[in-house]
Amino acid sequence: MESGENPGRERVLGRIRSALKAPAAHHDSVAGDRPIFRVVTDPLERFQSECANNATECILVADADSAREALRSVLASVPSGEVYVEDASLPHRLLKELDGGHSVRWSSEGPPSESSQATVTTAECLVASHGSVLMTSSNGGRGASVVAPVHIVVATEAQLAPDLSAALARVKQSGVAERNSSLFLITGSSRTADIEKILVLGAHGPRRLVVILIRNPK
Amino acid sequence: MRKVSLFIPCFVDQLTPEVGLDTARVLRRIGCEIDFPEAQTCCGQPAFNTGYWDDARPIAARFLRVFHAADAIVCPSGSCTTMARNFYPELLAGTALAEEARSVGQRVFEFSEFMVKIAGVSDVGAQFPHRVAFHDACHSLRELHLKNEPRELLRKVAGLELVEMPRSEECCGFGGTFSTKFGTISAAMGETKAGNAEISGAEYLVSTDPSCLLHIDGVLRRRNSRVRTIHLAGILARTPAGAESPRTFSQARSAK
Amino acid sequence: MTTAAREFLRSATRETANLPARRAIRHAVDQYDAALERGRTQFLDWEAARQKCYEIKWEALNHLDRYLLEFEERVKARGGQVFWAETAEEARGYVAEVASRCGVRTVVKSKSMVTEEIHLTPALEKLGIRVFETDLGEFIMQLRNEPPFHIVTPAMHLTRSDIAKLFHEKLADAMTSGAAGDDPPELVAAARRALRQAFFSAEMGITGANFLVADAGMIAITTNEGNDRLGTALPRIHVAIAGIEKVIPRMGDLATLWPVLATAGTGQTITCYNTLIGGPRAPGEIDGPEEFHVVLLDNGRTDLLADAEQREVLHCVRCGSCLNACPVFRTVGGHAYHTTYSGPIGSVLTPHLRGLNEFQHLSYASSLCGACSSVCPVKIDLHHHLLHNRRNAVHEGDRPWQERIGFRMWRWAMSGSRRFAVMGWLGRSASRILQWLKLGGTRLDPLRPWTKYRAAPVIPRKSFRAMWRESGER
């Protein structure tokens, strides 16, 4: 197939073109361009309340020092073992030393191990309207946000986008979407309701999603 | 004086005539001048719904001829009103009757719709001292967008206690030929509806659609339920002066 | 009656009597309805959201070739491969060829209705490949050797004890407690343990795609569990299969589609993982597959596209809300349909994909209540399309001759008021005689299709028109 053998392509395209010769009715909008979503007036406050709704642990801190402390505290609750960390400047600044029992594997060394206890990454941006984290495959790779039972995101208030429209426009227009093979919008921890519609957290992805949100990283 | 032409569905004419009589009574009470164009037969819905549009078309054309000059056409059935208003334009699209269909369609009203939205009346001086639950018939609800109008009328009835039943908007399972083609499913849906009516504690189940009521009534009587069915017009026709005992579907027809 | 119709009637009759399953469905629907009400509060205007999604889909479908070509070009620019499959066979063949070439022994699969439609798993298993469903509901159904019961909640008809029994039998190693526990978190943990090894050893991950984003050259996948994430991060090969109708013009469209899909699908404001994938691992990236393939499937969709009246049926985003709203689905469940797509969307769509003659019965197995159309987040006029299918079936001459004759007689009877009155009087009189002879409800009763399930209506002596005339009215 690599040689380009795909006779079905011309046949399908031909069928599409011929099918579209018949125009379909377009039911006019009854309401015009009515706003669909509530406007986000206070992104920080909205992000925090949405995180509370979707079981994301959002830890708001004032600066890098308190972020360091928050990260240490979260990791203290993680069983001993490998902690996989995105090799970027913010994680480096926040991870001066680790308590005994945890060993750091940087993303520059490769993907996370199957037995990673936690991962630490940055994000592309945060979405206030839904309490979501938008990441790319540059933020520690594809596996970093799903392989371990605990995923910790370190982000700054400046990264808050009010809503999905703004966040998606940002990654499209800045070329981030072009440069990365994948983008991930993550809202809360992995979950399922496939059994009697009862919500259970921690299906195949992380059981815990933690966002350490730094107001002023300087 | 408002002039109203009665559109009496074919099965009401033949199987539940009291619905037609009660409708006429109420309309007269609110001051309408009524006529019943005898030449009418059916709106064509049974054939249309089963896919036999070529057979439905001449019957629809006949309807349009019969009601051509009517000012307001009132029908005690949401499904038949839907046929004449919502579906005639599609059925007759591309024919010489397309415009006539649209014109007549704008003058056809379901009974409660006419009372509340056209005549502007919700209190007709009725009395019906019973607990009543309302079944939202599908065509009335989703095609004609009637939800509050029947309830407004019921709330003004002296002595009537209106309760909401669980899932009042869920289909009763009649669906025309569906009721016999897929009888088991239809009956199960009817049983669900009957069960919800019983849970509500209502003595009577009321609706705008006699076709739903025929089906639900059949299910209720098969399970010896104490819930009885009655058409909206049947309730509104009862006045203190009348002093008649309420006649349910079954009773009305077994009486003389 | 076709075989498919007979099979449906048999199953529907059996499932209608299956009260435990109906209770489970009722419970799931009640939960869903409550969640839906909560999820909708995120929208200032749910109707405006539906209209916006309708507009996006209308634009995409009515310029389908343009957007598919844009999508293909951008995917290929990122190093991905695009294969256009006119038939299910071509799609299966392509995936099998990729799997063989790459020496694939194990596949991890995300939930994809399209892979059910083309029966992909059996084709791969025939090559000796082990295929693991990784969505919990699909995994459960795979262990039971059954197809999914519902588009979004594949095991909605099962109780936790059904699932516990299954896991104790088939996943004994992964279950921790020796006791017969049926605690949902324990069951989920067992599934996670059982599948983890598959994720880490599989050579190929197969997914569907909820959307194909033309201006980005990326596929969009939505899950709550994250199984799609692992399946597209760890294996060497990623194959995504999607119907051609999944394309949307712009990434920005997802700002409306993602929340609407989540709300309609499960009542959430947004699903946990919404993933966009444009290619294999890009140069410099830490992980990800070496190869990325997108299979664009026709399999009858272009026939539906050509039907201008019903083209909008292709707007479907497979949210499952029409199934939840449908009183017929709630009564008989998803398996009774014996089709890949069940519920209202299945009833409308299947005749177009697999033939009207064989599948028209599903369009008739409906009371046309319209609940489906009222909930559809992309405003497909589902119940009216059931009617259109019925009309088309009649035009094709596919209906039973008794029915055709019946309506011809009906038309004759309704064409004159006097004959209508006479036929009505004859019918009523015959019914009353039958009832007097106590034949009502017996095998000899022509009203038996009615009276088998319900009390016969009391037949009035006089019609309305007779009474009206007698009362001296004009």
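This is a predicted model: local features need pLDDT of at least 70, side-chain atom pairs count only at pLDDT 80 or more; totals for chains, interfaces and linings use all residues.
Which residue of chain C forms a salt bridge with A:Glu114? The partner is C:Arg196, and the closest N and O atoms of the pair are 3.1 Å apart. By salt bridge I mean a side-chain nitrogen of Lys or Arg within 4 Å of a carboxyl oxygen of Asp or Glu.

Residues are numbered from 1 along each chain as its sequence is written, chains are lettered from A and ligands numbered from 1 in the order in which they are written, and side-chain values use heavy atoms, with hydrogens and water left out.

Let's begin with chains A and C. Here 76 residues of chain A are in contact (heavy atoms within 4.5 Å) with 107 residues of chain C. Together these two chains bury about 7600 Å², with 58% of that on carbon and sulfur atoms; buried area is the accessible area, taken with a 1.4 Å probe, that two parts lose on being put together, summed over both. A:Arg142, A:Lys197 and A:His204 supply 11% of what chain A buries against chain C, more than any other three residues.

The rule finds 10 salt bridges across this interface. There are also 44 residue pairs in polar contact, both at pLDDT 80 or more. A polar contact is a pair of N or O atoms within 3.5 Å; within protein, one must be able to donate a hydrogen and the other to accept it, and residues adjacent in sequence count only if both atoms are side-chain atoms.

Which helix of chain A gives the most to the side that touches chain C? That is H1, with 9 residues. Helices here are DSSP runs of H or I with at least four residues, strands are runs of E with at least two, and both are numbered from the N terminus.

Now look at A:Arg9. This residue forms a salt bridge with A:Glu10, the closest N and O atoms being 2.9 Å apart, and another with C:Glu72, at 2.7 Å from N to O. The second pair crosses between chains, from helix H4 (residues 64–77) of chain C to helix H1 (residues 7–19) of chain A. Is C:Glu72 buried or exposed? C:Glu72 counts as buried because its relative accessible area is 4%, whereas A:Arg9, at 22%, is partly exposed. Buried means under 20%, exposed over 50%, and partly exposed in between, with a 1.4 Å probe and protein chains only.

Strands meet here too: S9 of chain A and S9 (residues 273–277) of chain C run antiparallel, joined by 5 bridges. Two strands pair if DSSP finds at least two bridges between them. Within this pairing, A:Ile186 stands opposite C:Tyr273.

On to chains B and C. In this case 66 residues of chain B touch 72 residues of chain C, and the two chains bury about 5900 Å², 61% of it on carbon and sulfur atoms. B:Gln14, B:Tyr52 and B:Arg167 supply 12% of the area on chain B's part, more than any other three residues.

This interface has 8 salt bridges. One of these joins B:Arg167 to C:Asp33, with N and O 2.8 Å apart at the closest. B:Glu170 and C:Arg330 form a salt bridge as well, at 2.2 Å. Both partners are buried: B:Glu170 has a relative accessible area of 10%, and C:Arg330 has 9%.
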